[in-house]
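Hi everyone, thanks for coming. Let me put the model on the screen, and then we can walk through how its pieces pack together.

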Amino acid sequence: MTNYKLYYMPECPFCKKVESVIKKYNVDIPLANIHEDENRSELEEKGGMVQVPALLIDDKVLYESSDIVKYIKEHLI
């Protein structure tokens with residue numbers, strides 16, 4: 001089973017784009033606000049940079065909202 005996590009910032013319009021697709025298709029992906037807890041350092045450690053939105057797929061990080069939306073539509077819907 002694949003593990004997912006979406007790193008985001010509430011004020012980011014590109015993050016909102018991805019979140020709207022998650023909500024529209026009722027996809028179960030945990031959200032991780034990079035302003036809270038250890039999420040920012042965790043994203044930097046796993047992906048090498050702090051850029052959102054970022055979808056963690058097991059141990060790989062996928063950046064860019066359009067690529068994330070495409071992945072969700074192709075693999076999770």
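I'll go from the sheet to the helices and finish with the nonpolar cores.

A word on the ground rules first. This is a predicted model, so local features need pLDDT of at least 70 and side-chain atom pairs count only at pLDDT 80 or more, while totals for chains, interfaces and linings use all residues. Residues are numbered from 1 along each chain as its sequence is written, and side-chain values use heavy atoms, with hydrogens and water left out.

Let's begin with the sheet. It is open, has 4 strands in the order β2-β1-β3-β4, and its pairing is mixed. Strands here are DSSP E runs of at least two residues, helices are H or I runs of at least four, and both are numbered from the N terminus. Two strands pair if DSSP finds at least two bridges between them. At the edges sit β2 (31-33) and β4 (60-63), each pairing on one side only. On average, neighbouring strands are turned by 25° against each other, direction ignored. β1 (residues 4-8) runs parallel to β2, with 3 bridges, and Y8 has N33 in β2 as its bridge partner.

Now, which strands does α1 touch? Helix α1 packs on the sheet against β1 and β2, and its direction makes about 145° with that of β1. Helix α3 also packs there, touching β1, β3 (54-57) and β4, at about 115° to the direction of β4. Contact means heavy atoms within 4.5 Å. Angles run from 0 to 180 degrees between N-to-C directions, with axes fitted to C-alpha atoms, for helices over the stretch in contact.

How do the two helices meet? The axes of α1 (residues 13-24) and α3 (residues 65-75) come within 9 Å and cross at roughly 10°. They are therefore roughly parallel to each other, the label for angles under 35 degrees. F14, K17, V18, V21 and I22 of α1 meet S65, S66, I68, V69 and I72 of α3.

Finally, the cores. A nonpolar core is a set of buried Ala, Val, Leu, Ile, Met, Phe, Trp, Tyr and Cys residues joined through side-chain atoms within 4.5 Å; buried means under 20% relative accessible area, with a 1.4 Å probe and protein chains only. The largest has 13 residues, of which L6, V18, I22, I29, L55 and I72 touch the most other members. β1, α1, β3 and α3 each supply at least two residues, and α3 gives the most, with 4.

Technical notes: Angles under 35 degrees count as roughly parallel, over 145 as roughly antiparallel, 65 to 115 as roughly perpendicular and the rest as oblique. Buried means under 20% relative accessible area, exposed over 50%, partly exposed in between (1.4 Å probe, protein chains only).
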